[in-house]
Amino acid sequence: MLVSEDYKNNVKELYKKAQLILTEQELNNIEFADFGLNNIDNEGLNLIIYINTDRYCAKEMVLLPNQTCPEHRHPDINNSRGKQETFRCRWGKVYLYVEGENKANISCTLPLGGNQQYYTACQEIVLVPGEQYTIDPNIKHWFKAGPDGAVVSEFSSTSYDEFDIFTNPNINRVCQDRIR
């Protein structure tokens, strides 16, 4: 699956709206993850990785309007604790759902595409610019942008995206395309 130029431009526009100063190289290396679902407008994630070492990681993520990053967790790997991450909203609104106290109603709708049964975390945290939330290792979570989209900074321990465990067994975490 190739990502359209319009899609790529929409992602870049949200980075601009957040007033992030990014290099041309960073903009040329945006990752567009559709998780192998071929439904990137509804379930996908767009990100720039600033750094990912054996000690820490920093990323800038864009979710287009109402786009959802599917439910997953960061498991322990080789006797090391899984990734702990802090999400800080830079622009827009993010609905973050983690395992915990169940609520009868969540504020956002589940993504379209027939994968609703794979969204089980129900404890809602709503983030607006300047707010942040830390997710411990091995906690199932998913997040969705509000109607205008969202830009989120992630600060974490080392990221091993290829080892994330998704609730949806059909997910394959690969980068689908980059801006050229």
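Q: How many helices and strands does the protein chain have?
A: The protein chain has 2 helices and 10 strands. This is a predicted model, by the way.

Q: And what pattern do they follow along the sequence?
A: It reads α-α-β-β-β-β-β-β-β-β-β-β. The radius of gyration is 15 Å, close to the 16 Å from the globule rule for 180 residues, so the chain is as compact as a globular protein of that length.

Q: What box do the C-alpha atoms fill?
A: Roughly 40 × 35 × 35 Å, taken along the principal axes.

Q: What share of the residues is buried?
A: Buried residues make up 48% of the 180 in the chain.

Q: Which strands pair with strand 4?
A: Strand 8, residues 141-156, pairs with strand 4 in the antiparallel sense over 3 bridges. Strand 9, residues 165-166, also pairs with strand 4 in the antiparallel sense, over 2 bridges.

Q: Which residue in strand 8 is the bridge partner of Cys69?
A: Phe143 is the partner of Cys69 there. Over in strand 9, Phe166 stands opposite His72.

Q: Switching to electrostatics: how many salt bridges are there?
A: The count comes to 4. Side chains of opposite charge can pair when their charged atoms come close.

Q: Which residue forms a salt bridge with Glu5?
A: Lys8 does, with the closest N and O atoms 3.4 Å apart. Glu5 and Lys8 are 3 residues apart in helix 1 (residues 5-17), so about one helical turn separates them. Lys8 is buried, with a relative accessible area of 5%.

Q: Which residues are linked in a network of salt bridges?
A: Lys83, Glu85 and Glu154. The Glu85 and Lys83 side chains meet at 3.3 Å, N to O, and those of Lys83 and Glu154 meet at 3.0 Å, N to O.

Q: What does the pair of Lys83 and Glu154 tie together?
A: Lys83 lies in the loop between strand 4 and strand 5 (85-98), while Glu154 is in strand 8, so the pair ties together parts that are 71 residues apart in sequence.

Q: Which residues are closest to the centre of the largest cavity?
A: Leu45, His72, Glu154, Asp161 and Asp164, out of 18 lining residues.

Q: Which elements give two or more residues to the lining of the largest cavity?
A: Strand 2 (45-52), strand 3 (57-63), strand 4, strand 5 and strand 8. Strand 8 gives the most, with 3 residues.

Q: How does the lining of the largest cavity divide by class?
A: It divides into 8 nonpolar, 3 polar and 7 charged residues.

Q: And how much space lies in the largest pocket?
A: About 170 Å³. There are 14 residues lining the pocket, and the closest to its centre are Arg81, Lys83, Ser157, Thr158 and Tyr160. By class, the pocket lining has 4 nonpolar, 5 polar and 5 charged residues.

Q: Last topic, backbone angles. Which residue has a positive phi of about 60 degrees although it is not a glycine?
A: That's Gln19. For context, most residues other than glycine have a negative phi. Gln19 lies in the loop between helix 1 and helix 2 (24-28), and it is exposed, with a relative accessible area of 70%.

Q: And which one has a positive phi of about 65 degrees?
A: Asn138, also not a glycine. Asn138 is found in the loop between strand 7 (132-135) and strand 8. At 28% relative accessibility, Asn138 counts as partly exposed.

Terms used: Residues numbered from 1 in each chain as written. Predicted model: local features only at pLDDT ≥ 70, side-chain atom pairs only at ≥ 80, totals over all residues. Heavy atoms only, no water. 1 Å grid on protein atoms, 1.4 Å probe; cavity = no way out; pocket = protein on both sides within 12 Å on 5 of 7 lines; lining within 4 Å. Points joined across faces, edges and corners; volume = space filled by probe spheres on them. Nonpolar A, V, L, I, M, F, W, Y, C, P; charged D, E, K, R; others polar. Pairing = 2+ DSSP bridges. Helix = DSSP H or I, 4+ residues; strand = E, 2+ residues; numbered from the N terminus. Buried < 20%, exposed > 50% of the residue type's maximum accessible area, 1.4 Å probe, protein only. Rg over C-alpha atoms; globule rule 2.2 N^0.38 Å.
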